[in-house]
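Take a look at the protein below. The questions after it start from single residues and work up to the whole chain.

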Amino acid sequence: MSVVVGGGSGFIGSHLCKLLRTKGLKVTVISRKDEEDTMTWNDLNKNGLPVGTTAVVNMAGQTLLSMTSRWNEKYKRDVWSSRIDTTKDLVRAITRADVPPKVFVSFSAVGYYQTSLTEEYTEDSHGGDFDFLSRLCQAWEEAAILPKDKNVRLVTLRVGLALGRYGGLIQRMYLPYFLGLGGRLGSGEQWFPWIHADDVAGIVLHAIQNDNITGVLNTVAPEAATNAQFSRTLARAMWRPDFFPLPAFVINTVFGSERGKLFLEGQRVIPKRVLESGYKFKYPDLKSACENCSHLIVND
């Protein structure tokens, strides 16, 4: 089996490509760089998918968490186009392929659902049209829709906040927690829809290998947690205190109020269809995930 991965050089992508290769799959990463086992987006648009491609995964997109980029209209356009345009490029390549792949796994995010302290969201819940992030997710999912006559299975992953020692939130939080300066964000009461990066990769592989899986999958861990619970669990895993909450106004000042919602508001998202599909989580609970992320050096 040959898999093409858009955005495979990033944090989650590196976890996925490692897993796919350990399972004996051939992996081609679409990247801005022209390196071994990669192709550029220009190559894709010019030449199409490599012959023999059986699965396509797209997780490309500029990070929302950059502390060096101001949240302004230009940055929002970049965030939007890096997701929507790359998805459209892959849909076009799949459509034009003489022998199309069997499955297209396209990423979205739990930002599709409206933030709430009380609601629970399954894959059937409404969302997608109440702020910039939800509209981005809706447009992202719509861009992935393929012509029905191509008979390509589409799986859409609404991914939560991915945890892993060497990327994402943990990479940014590790030093202050290591120094004993960690704490909840804002009130800490907001839901924290988390998942370990290894399980994101595992669910992608599960979706590729199982022909009966189609449609939306809430790609979050089965154990729901608030931000305060996450902060306390991570601090305990690192044998550190959890005494220094970060006020909401600081987060909004650094990231902007619109992007600050990622930290200060959340959703309780249930991976109903993932569990029903038979996937077994490597890190089903927050304690095991935080323990994996707590070490200075992780050998996995």
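L44 lies in helix 2 (residues 41–47); helices (H or I, at least four residues) and strands (E, at least two) are DSSP runs, numbered from the N terminus. This is a predicted model, where local features need pLDDT of at least 70, side-chain atom pairs count only at pLDDT 80 or more, and totals for chains, interfaces and linings use all residues. Residues are numbered from 1 along each chain as its sequence is written, and side-chain values use heavy atoms, with hydrogens and water left out.

Q: Is L44 buried or exposed?
A: Buried means under 20% relative accessible area, exposed over 50%, partly exposed in between (1.4 Å probe, protein chains only). The relative accessibility of L44 is 2%. L44 therefore counts as buried.

Q: Which residues is L44 in contact with, leaving aside its neighbours within four places in sequence?
A: Contact means heavy atoms within 4.5 Å. With those neighbours left out, the partners of L44 are I30, M39, L49, D89, L90 and A93.

Q: How many Å apart in space are L44 and D211, C-alpha to C-alpha?
A: In sequence, L44 and D211 are 167 residues apart. In space, C-alpha to C-alpha, the distance between L44 and D211 is 26 Å.

Q: Which residues does S2 touch, not counting residues up to four places away in sequence?
A: S2 is part of strand 1 (residues 2–6). Its relative accessible area is 10%, so S2 is buried. Beyond four places in sequence, S2 touches K26, G52, T53, T54 and A55.

Q: Where is N151 found, and is N151 buried or exposed?
A: N151 is found in the loop between helix 4 (132–143) and strand 7 (153–159). Its relative accessibility is 70%. So N151 counts as exposed.

Q: What is the phi of W239?
A: W239 lies in the loop between helix 7 and helix 8. With a relative accessible area of 77%, W239 is exposed. Most residues other than glycine have a negative phi. W239 is not glycine, yet its phi is positive, near 55°.

Q: Which elements do the buried residues of helix 7 pack against?
A: The buried residues in helix 7 are N227, A228, F230, S231, L234, A235 and A237. They pack against strand 8 (161–163), helix 5 (168–178) and helix 11.

Q: Are helix 7 and helix 11 parallel, perpendicular or oblique?
A: Helix 7 (residues 227–237) and helix 11 (residues 286–293) pack at about 50°, with axes 8 Å apart. Axes are lines fitted to C-alpha atoms, for helices over the stretch in contact, and angles run from 0 to 180 degrees between N-to-C directions. Angles under 35 degrees count as roughly parallel, over 145 as roughly antiparallel, 65 to 115 as roughly perpendicular and the rest as oblique. That makes helix 7 and helix 11 oblique.

Q: Is the crossing of helix 8 and helix 9 left-handed or right-handed?
A: The axes of helix 8 (residues 248–255) and helix 9 (residues 257–264) come within 7 Å and cross at roughly 130°. Helix 8 and helix 9 are therefore oblique to each other. A crossing is left-handed if the near helix is turned anticlockwise from the far one by less than a right angle, and right-handed if clockwise. The crossing of helix 8 and helix 9 is right-handed.

Q: Which residues of helix 1 and helix 6 make the contact?
A: The axes of helix 1 (residues 11–22) and helix 6 (residues 197–209) come within 8 Å and cross at roughly 50°. The crossing is right-handed. Helix 1 gives F11, I12, H15, L16, L19 and L20, and helix 6 gives A197, D198, V200, A201, G202, V204, L205 and I208.

Q: What is the radius of gyration of the protein?
A: The protein has eleven helices and eleven strands. The radius is taken over C-alpha atoms, and the globule rule is 2.2 Å times the number of residues to the power 0.38. For 300 residues the rule gives 19 Å, and the protein is close to that, so it is as compact as a globular protein of that length. Its radius of gyration is 19 Å.

Q: What percentage of the 300 residues count as buried?
A: The C-alpha atoms fill a box of roughly 60 × 40 × 40 Å, taken along the principal axes. Of the 300 residues, the buried share is 55%.
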